[in-house]
Amino acid sequence: MDFGFLDQLWVARIPLLKGLGVSISISLLSIVAGTVLGIFVGLALIYAYRPVQWLVRGYTDFIRGTPVLVLVLASYYVLSTVGIDLGPFQAGVLALAVFCSSHVGELVRGALQSIPKGQTEAAKAIGLTFPQTFAYVLGPQALRQALPAWVNTAAEMVKASTLLSIIGVGELLLRTQEVISRTFMSLEFYFFAGFLYFVVNYGIERFGRYVERKTAVPS
Amino acid sequence: MTNLLEIRDLHKRYGTVEVLKGVDCSMRQGDVISIIGSSGSGKTTMLRCINMLEEFQGGTISIDGQEIGYETVGGVRRRKPEREIARQRALTGMAFQQFNLFPHMTAAGNVMLGLVKVKKMSRDEARGLAEKWLDRVGLLSRKDHYPGQLSGGQQQRVAIARAIAMNPKLMLFDEVTSALDPELVNEVLQVIKGLAEDGMSMLIVTHEMRFAYEVSSRVIFMNQGRIGEEGNPREMFLKPKTERLAEFLKTSTFN
């Protein structure tokens with residue numbers, strides 16, 4: 001019996017689609033959680049009291065200096081030894097979100113610090129309070145500044161989601177490997193998986209460009 | 001009648017370097033005072049203390065009788081709450097050397113921000129007022145332009161409109177023409193002259209001696225953190241009493 005690739009693909013469509021769905025969920029959850037957490041990290045790096053700043057600085061340096069795979073494994077295996085029992089999906093998302101937060105934190109810090117001091121002074125001079133200054137003057141400028149790098153980080157998270165296959169999360173890569181072990185069509189199916197990842201990341205990149213265009217300041 | 005601005009024995013240090021060594025100055029409603037002096041003499045710092053962009057360690061500044069930035073409770077001097085300081089900053093308007101317009105907002109948006117968020121005006125009301133002031137500085141036709149689409153002189157005029165629209169009791173100008181190309185200086189100075197003619201109270205830090213001479217009711221010469229000499233512009237520029245001022249005027253262009 002000689003099944004062609006397309007036949008095999010048709011047979012495997014359900015697990016592959018589910019895998020893709022799981023990959024997208026992992027990425028989305030970790031990007032959203034990581035971004036929210038990362039914004040607080042970035043704010044703390046600039047505005048928090050000194051001891052808090054050092055603490056958060058230690059957090060980001062430590063996380064950024066650690067391979068994502070190690071974070072994933074630690075989150076799954078180490079946390080359970082201290083009584084926090086997470087499933088592979090939860091543990092994986094947690095690890096990626098933490099990783100994402102340290103990167104977003106640095107992005108936010110860099111973006112805020114790149115805004116000239118005069119902006120804050122001008123805002124103060126017309127009587128804005130600090131929360132108002134942040135909401136209307138610094139925040140909008142920092143967002144535009146950080147957007148391209150943030151899109152990059154989001155794409156990195158999609159790629160990093162493949163690492164969750166190691167701890168047995170049924171995402172696209174693991175499902176693909178399972179199909180390959182049944183069909184031995186490694187070249188075709190790896191290519192196909194690669195193509196799907198590319199489509200997702202290309203979509204993210206296009207979306208980022210679109211938002212950038214929409215929010216660009218004319219000059 | 002209380003003075004509009006009353007500065008008493010103002011001291012300001014950066015670390016161990018004392019940049020203001022006891023400055024006294026008072027100003028009435030409608031006064032236009034130019035502050036001149038070489039760089040590092042403390043003139044910009046003095047201006048920035050008045051709206052608490054700089055902290056100061058000694059002395060008092062009052063506007064219309066209310067003490068700015070600090071209060072003394074039970075013999076202890078302390079910084080007022082930030083909300084109160086923000087409110088007090090709105091008593092003055094400030095224009096900066098680098099304009100500092102908000103680059104992500106249109107000219108009208110820049111002027112409206114403070115009106116809507118600080119003065120709590122409706123957007124329509126704020127827009128009307130913004131357009132009135134942009135018209136006044138000759139830029140109504142540019143109200144929907146972003147700062148990046150405006151020349152330096154135009155940006156500075158928008159920045160002045162932004163400050164003045166808040167209806168401050170006192171306008172502070174911090175070397176507003178120093179960052180401009182020579183051919184753009186005049187359009188900004190004309191705007192300030194117009195405001196002076198309207199009776200706006202103004203403190204102007206400037207290197208434009210001719211302008212200071214023409215527009216001011218009084219001139220203050222700052223020298224090494226103190227007021228070196230002050231008087232009416234005619235006496236100051238034509239018959240300086242101190243050696244230092246004569247020296248300074250010799251090195252600056254008066255044309």
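UniProt positions are given in the numbering used here, feature names are shortened, and annotations may be inferred rather than shown by experiment. The model is predicted, with local features requiring pLDDT of at least 70 and side-chain atom pairs counted only at pLDDT 80 or more, while totals for chains, interfaces and linings use all residues. Residues are numbered from 1 along each chain as its sequence is written, chains are lettered from A and ligands numbered from 1 in the order in which they are written, and side-chain values use heavy atoms, with hydrogens and water left out.

View 1. According to an unreviewed UniProt entry, the feature "transmembrane region" covers residues 20-49, 61-79 and 184-204 of chain A. Residues 20-49 of chain A are 93% helix and 0% strand, with the end C-alpha atoms 43 Å apart, and residues 61-79 of chain A are 84% helix and 0% strand, with the end C-alpha atoms 20 Å apart. Helices (H or I, at least four residues) and strands (E, at least two) are DSSP runs, numbered from the N terminus.

**View 2. Packing of H7 and H9 in chain A.** Helix H7 (residues 130-160) of chain A packs against helix H9 (residues 186-215) of chain A at an angle of about 170°, and their axes are 10 Å apart. H7(A) is therefore roughly antiparallel to H9(A), a label that applies to angles over 145 degrees; axes are lines fitted to C-alpha atoms, for helices over the stretch in contact, and angles run from 0 to 180 degrees between N-to-C directions. Residues making the contact (heavy atoms within 4.5 Å) include Leu147(A), Val151(A) and Ala155(A) of H7(A), together with Val200(A), Ile204(A) and Val211(A) of H9(A).

**View 3. An aromatic pair in chain A.** Phe5(A) and Phe189(A) form an edge-to-face aromatic pair, 4.9 Å centre to centre and with 70° between the planes. Rings of Phe, Tyr and Trp (its six-membered ring) pair if their centres lie within 6.5 Å, and planes under 30 degrees apart count as stacked, over 60 as edge-to-face and the rest as tilted. Because Phe5(A) lies in helix H1 (residues 5-11) of chain A and Phe189(A) in helix H9 of chain A, the pair ties together parts that are 184 residues apart in sequence.

**View 4. The four-stranded sheet of chain B.** This open sheet has the order E2-E1-E4-E5 (chain B) with antiparallel pairing, where two strands pair if DSSP finds at least two bridges between them. Strand E1 (residues 5-14) of chain B pairs with strand E4 (residues 58-63) of chain B over five bridges, and Leu5(B) stands opposite Ile63(B). In the hairpin of E4(B) and E5(B), with two residues between the strands, Asp64(B) takes a positive phi near 50°. Helix H1 (residues 43-50) of chain B lies across E1, E2 and E4 of chain B, running at about 115° to E1(B).

View 5. Strand E3 (residues 32-36) of chain B and strand E11 (residues 218-223) of chain B pair in the parallel sense over four bridges, with Ile33(B) opposite Arg218(B).

Definitions and conventions:
Parallel < 35°, antiparallel > 145°, perpendicular 65-115°, else oblique.
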